[in-house]
Amino acid sequence: MRTVAVIPAYNEAETIGPVIEETGAYVDRVVVVDDGSSDDTAAIARDHGATVVEHVFNTGVGGAVRTGYQYAIKHGYDWVVQVDADGQHDPAKIPELMDVATDGHDMVIASRYLNESYQDYSATRNAGIQFFTRLTNYLGGIEITDVTSGFRVYRVSMLERILHRGDKHWAIEQTLEAAKGGYRIAEVSTEMPTREEGESQFTLDTFALYPIRMTDTILRVLLFR
């Protein structure tokens with residue numbers, strides 16, 4: 001069983017080093033997808049032993065993780081562990097996520113909503129996460145609590161079949177595809193504190209654009225795949 005960690009990163013020079021070191025203790029390889037950073041993210045990642053794939057311009061998290069998945073598929077890995085570069089995800093939880101995955105699941109999501117860590121997030125962010133989680137549950141016929149979580153484990157053979165196309169709502173598209181395909185999805189309670197460095201990508205402006213982007217995502221999954 002070969003496992004690779006995929007870490008999407010955009011201007012995360014202040015946090016990427018420790019994330020790589022801690023994650024590397026639990027996987028066979030760490031791949032950082034540097035998504036057009038203007039700081040030293042790529043150089044620091046290499047200094048800490050990660051394989052680095054660089055984008056020449058910023059594509060967003062969806063584009064970065066797709067590149068990481070493609071790396072895993074091309075190099076014959078069995079499992080992908082996805083971890084954010086900002087330090088919000090505790091790599092010490094990886095063994096628990098992997099235990100659940102290898103116990104007959106294809107996707108395992110680390111959930112903030114099975115504990116109280118979500119209470120530290122803004123009302124806007126919580127409203128957005130809960131709305132899209134409920135929508136995904138309704139459309140996909142599943143019961144999860146945290147569809148936007150970026151801390152996940154995937155069976156690579158599943159990713160080969162449901163590789164998402166959109167970059168804005170990759171987690172929702174991906175989870176809907178897995179649900180429609182009959183893949184087994186589970187969650188593990190995982191505390192995720194608010195980030196201490198950098199800026200969150202979830203703002204009131206991005207939330208306002210979600211209905212338009214979500215319409216595109218839903219149509220792509222439900223009608224055209």
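Arg112 is buried, with a relative accessible area of 4%. The model described here is predicted. Arg112 forms a salt bridge with Asp146, and the closest N and O atoms are 2.6 Å apart. Arg112 sits in the loop between β5 and α5 (123-140), while Asp146 sits in the loop between α5 and β6, so the pair ties together parts that are 34 residues apart in sequence. Asp146 has 0% relative accessibility and therefore counts as buried.

**Around Ser117**

Arg112 is also one of the residues touched by Ser117. Ser117 lies in the loop between β5 and α5. Its relative accessibility is 9%, so Ser117 counts as buried, the cut-off being under 20%. Leaving aside residues up to four places away in sequence, Ser117 touches Arg112, Thr190, Glu191 and Met192. Two polar approaches involve the side chain of Ser117. The side chain of Asn115 makes a polar contact with the side chain of Ser117, at 2.7 Å. The backbone nitrogen of Met192 lies 3.2 Å from a polar atom of the Ser117 side chain.

**Salt bridges**

Side chains of opposite charge can pair when their charged atoms come close. The structure holds five salt bridges. Three of them are tabulated here.

| Salt bridge | Closest N and O atoms |
|---|---|
| Arg112 and Asp146 | 2.6 Å |
| Asp106 and Arg155 | 2.8 Å |
| Arg184 and Asp106 | 3.2 Å |

Asp106 forms a salt bridge with Arg155. That pair links distant parts of the chain, 49 residues apart: Asp106 is in the loop between α4 (94-101) and β5 (107-111), and Arg155 is in strand β6 (residues 152-155).

Asp106 counts as buried, at 4% relative accessibility. Arg155 is partly exposed, with a relative accessible area of 23%. Arg184 counts as partly exposed too, at 43% relative accessibility.

**Aromatic pairs**

A pair of aromatic rings is described by the distance of the centres and the angle of the planes. A search of the whole structure finds three aromatic pairs. One of them, Tyr69 with Tyr154, is edge-to-face, with 5.3 Å centre to centre and 70° between the planes. Tyr69 lies in helix α3 (residues 61-74) and Tyr154 in strand β6, so the pair ties together parts that are 85 residues apart in sequence. Tyr69 is buried, with a relative accessible area of 0%. Tyr154 is likewise buried, with a relative accessible area of 0%.

Tyr113 and Tyr118 have ring centres 4.7 Å apart and planes at 20°, so the pair is stacked. Tyr113 is buried, with a relative accessible area of 15%. Tyr118 is partly exposed, with a relative accessible area of 24%.

**Charges over rings**

Arginine ends also sit over tyrosine rings. The charged end of Arg2 sits over the ring of Tyr77, 4.1 Å from its centre. The charged end of Arg125 sits over the ring of Tyr121, 4.3 Å from its centre.

**Helix α7**

Why is helix α7 described as largely enclosed by the rest of the structure? Ten of its eleven residues (residues 170-180) are buried, so the rest of the structure largely encloses α7. The buried residues include Trp170, Ile172, Leu176 and the alanines Ala171, Ala178 and Ala179. Glu173, Gln174, Thr175 and Glu177 are buried as well. Just after α7, Gly182 takes a positive phi of about 80°.

**Overall picture**

The secondary structure comes to eight helices and seven strands. Of the 225 residues in the protein, 53% are buried. Among contacts between residues at least 6 apart in sequence, 74% join residues at least 24 apart. The accessible surface comes to about 10400 Å². Carbon and sulfur atoms account for 48% of that surface.

Conventions:
Residues are numbered from 1 along each chain as its sequence is written. Side-chain values use heavy atoms; hydrogens and water are left out. Buried means under 20% relative accessible area, exposed over 50%, partly exposed in between (1.4 Å probe, protein chains only). Helices (H or I, at least four residues) and strands (E, at least two) are DSSP runs, numbered from the N terminus. A salt bridge is a side-chain nitrogen of Lys or Arg within 4 Å of a carboxyl oxygen of Asp or Glu. Rings of Phe, Tyr and Trp (its six-membered ring) pair if their centres lie within 6.5 Å; planes under 30 degrees apart count as stacked, over 60 as edge-to-face and the rest as tilted. A charge sits over a ring if NZ of Lys or CZ of Arg is within 6 Å of the ring centre and within 35 degrees of the ring normal. Contact means heavy atoms within 4.5 Å. Accessible areas come from the Shrake-Rupley method with a 1.4 Å probe; for residues, only the protein chains shown count as cover. A polar contact is a pair of N or O atoms within 3.5 Å; within protein, one must be able to donate a hydrogen and the other to accept it, and residues adjacent in sequence count only if both atoms are side-chain atoms.
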